[in-house]
Amino acid sequence: MNFNGAYFMSLGVQLLYAILILVVGFFIVKIIMKVLRKAMDNAKNEIDPSVQTFTLSLVNIVLKILVIVAMVGVLGVPTTTFAAVIGAAGLALGLALQGRL
């Protein structure tokens, strides 16, 4: 076996970059969620607490998924599959909730 040090070095740099994207991305998501929560609390029209909770949870999950897809893309995994799965999940969620909203 021939171990190529440059390959492992570039892989290590990619891994560190991916971890940095994950940490910074989750920090930015946390800030966005605080701002959104504060904006919803201070809204002139009262927002129903259940709608507020649902909206905040949905935005939080979507933003975290985007951060994770960006991190996986940095590692070299093709993100087109993730985009297709996320699109199909969004369609399924929309069809499931169409009568309730």
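**Getting to know a predicted model**

Me: By class, how many residues in the lining of the largest pocket are nonpolar, polar and charged?
Reply: Keep in mind that this is a predicted model. Sorted by class, the lining of the largest pocket has no charged residues, 1 polar residue and, for the nonpolar class, 8.

Me: Which element gives the largest share of the lining?
Reply: Both H2 and H3 give two or more residues to the lining of the largest pocket. The largest share is 5 residues, and the element they come from is H3.

Me: And how much space lies in the largest pocket?
Reply: Rolling a probe the size of a water molecule over the atoms shows where empty space is left. For the largest pocket, that space comes to about 230 Å³.

Me: How far apart in space are Val 62 and Asn 42?
Reply: Along the sequence, these two sit 20 residues apart. Going from C-alpha to C-alpha, the separation of Val 62 and Asn 42 is 23 Å.

Me: Let's go to the loop between H1 and H2: is Glu 46 buried or exposed?
Reply: Glu 46 has its place in the loop between H1 and H2. Its relative accessible area is 74%, and the cut-off for exposed is over 50%, so Glu 46 is exposed.

Me: What separates the C-alpha atoms of Glu 46 and Leu 63?
Reply: Glu 46 and Leu 63 are 17 residues apart along the chain. Their C-alpha atoms are separated by 25 Å.

Me: Which residues does Ile 47 touch, not counting those up to four places away in sequence?
Reply: Ile 47 is found in the loop between helix H1 (5-41) and H2. At 27% relative accessibility, Ile 47 is partly exposed. Leaving out residues up to four places away, Ile 47 touches Met 40 and Gln 52.

Me: Last one: which ring does the charged end of Lys 64 sit over?
Reply: As for aromatic pairs, the structure holds 0. Still, the charged end of Lys 64 sits 5.6 Å from the centre of a ring, that of Phe 26.

Technical notes
Residues numbered from 1 in each chain as written. Predicted model: local features only at pLDDT ≥ 70, side-chain atom pairs only at ≥ 80, totals over all residues. Heavy atoms only, no water. Phe/Tyr/Trp six-rings, centres within 6.5 Å; stacked < 30°, edge-to-face > 60°. Lys NZ or Arg CZ within 6 Å of the ring centre and 35° of its normal. 1 Å grid on protein atoms, 1.4 Å probe; cavity = no way out; pocket = protein on both sides within 12 Å on 5 of 7 lines; lining within 4 Å. Points joined across faces, edges and corners; volume = space filled by probe spheres on them. Helix = DSSP H or I, 4+ residues; strand = E, 2+ residues; numbered from the N terminus. Nonpolar A, V, L, I, M, F, W, Y, C, P; charged D, E, K, R; others polar. Buried < 20%, exposed > 50% of the residue type's maximum accessible area, 1.4 Å probe, protein only. Contact = heavy atoms within 4.5 Å.
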